[in-house]
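Trainee: Please take me through one part of this model closely, strand by strand. Then place that part in the chain as a whole.

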Amino acid sequence: MTVTARREAARIRAEWLDAALSAEPTDRPTAEAAISRLYRLIGLPPPRFHWAASPVTAMETVPPGMRSRAAPRLRDVDEWPIARMLRTAQAILTMDLNSRLPWTPEAAETLARLEVRSPIARSVRASLGTALLTAHSSSGFTRSAWNSVLNPEWTAYYDALRRMSGNRFTADQGARLDLWADVLRSCGPWWPHENFCIVSERPVALHTEVSGDDGETRPHRADGPALRYADGWEMHFWHGTPVPAWVVDEPSVQRIEREPNVEIRRCAIENLGWASYIDQAGLRLVASAADPGNPGSELRLYDLRRETRVLLAVNGSVERDGRRRRYGLTVPGSLDDPIAAAAWTYGLSAAEYSLLARRT
């Protein structure tokens, strides 16, 4: 894999992530035109369109006059005839495109798979995918086959192959791929019904951060909702973890102690700062010791709650902002030695941990 090829893969990945996670105004004409052509592709006339301000109001706002009976449920989207037909059309296109892969350079396929498709899949699922599941969780909505159609990972993958291997696809294959790409680049999630097509607007704000070396991103904002739609529906994320608003806006020892979810507690403590949390909560210091796995840093062991202690340590590697993050790890309450506690988190003995040159 050449440096030039990697740069091309990174450029394509960035293009698709910008489109998939865009908070720019929706391009309704392009979306409606592409969806209408997809309907024609399966032998149906263009649908009537209902635009929703966010995924959470997608079904609830469909006017009664647009449907012939009671509103269908989004959790049943995989059973909708039009959705099944379009999934079949997508599967046929995928098989057609795969038939051309033997003529694609192996290096191009590897780059498209590892540095375009995979990080896009994870990035979209972490943000908009999580939001979609949260929006409809009360109605029993779960991940579905249609969700995989909505994730642009597959379209980005074949688009990358097309652009990185000299366009080995036929004109018909390229035209069908472009139809799906046009929809994914112009609007939010959409649900094709026999009587109408529901399309969600894009969010008006989506804050993300880089979360890996391959361009992957995750939602995060330290001073408000990371995701927000025009109708006011919003979600808070802390370094990729969906959290209640108080975790970001007003973290406190009292709320942390009342929170039953360990991941939400962890996020709130990180926002408050482990040193501040320990001080405000009045945790008793059990013992401290120099960290043999991280020279120049100290391990501090505190009582946290019954049969549980917390080990305060300093990250062995430097963060993107140049600082070393201080973090806490819960350990069994039977551990009295900070070095033994640190070793326990690695599955080592205290003696083995003491021999580490440097942990990360």
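**The E8-E9 pair and its surroundings**

Mentor: Strand E8 (residues 234-238) runs antiparallel to E9, and three bridges join them. One of the residues involved is Trp 238, whose bridge partner in E9 is Thr 241. The model is predicted, with pLDDT of at least 70 needed for local features and 80 or more for side-chain atom pairs, while totals for chains, interfaces and linings use all residues. Numbering starts from 1 along each chain as its sequence is written, and side-chain values use heavy atoms, without hydrogens or water.

E8 and E9 belong to an open, antiparallel sheet of four strands, ordered E4-E7-E8-E9. At its edges are E4 (205-206) and E9 (241-243), each pairing on one side only. Strands count as paired if DSSP finds at least two bridges between them.

The protein chain has 13 helices and 13 strands; these are DSSP runs numbered from the N terminus, helices being H or I of at least four residues and strands E of at least two. Its C-alpha trace spans about 75 × 50 × 30 Å along the principal axes. Of its 360 residues, 49% are buried, meaning under 20% relative accessible area with a 1.4 Å probe, protein chains only. Contacts (heavy atoms within 4.5 Å) join residues at least 24 apart in 59% of cases, counting those between residues at least 6 apart in sequence.

Notes. Buried means under 20% relative accessible area, exposed over 50%, partly exposed in between (1.4 Å probe, protein chains only).
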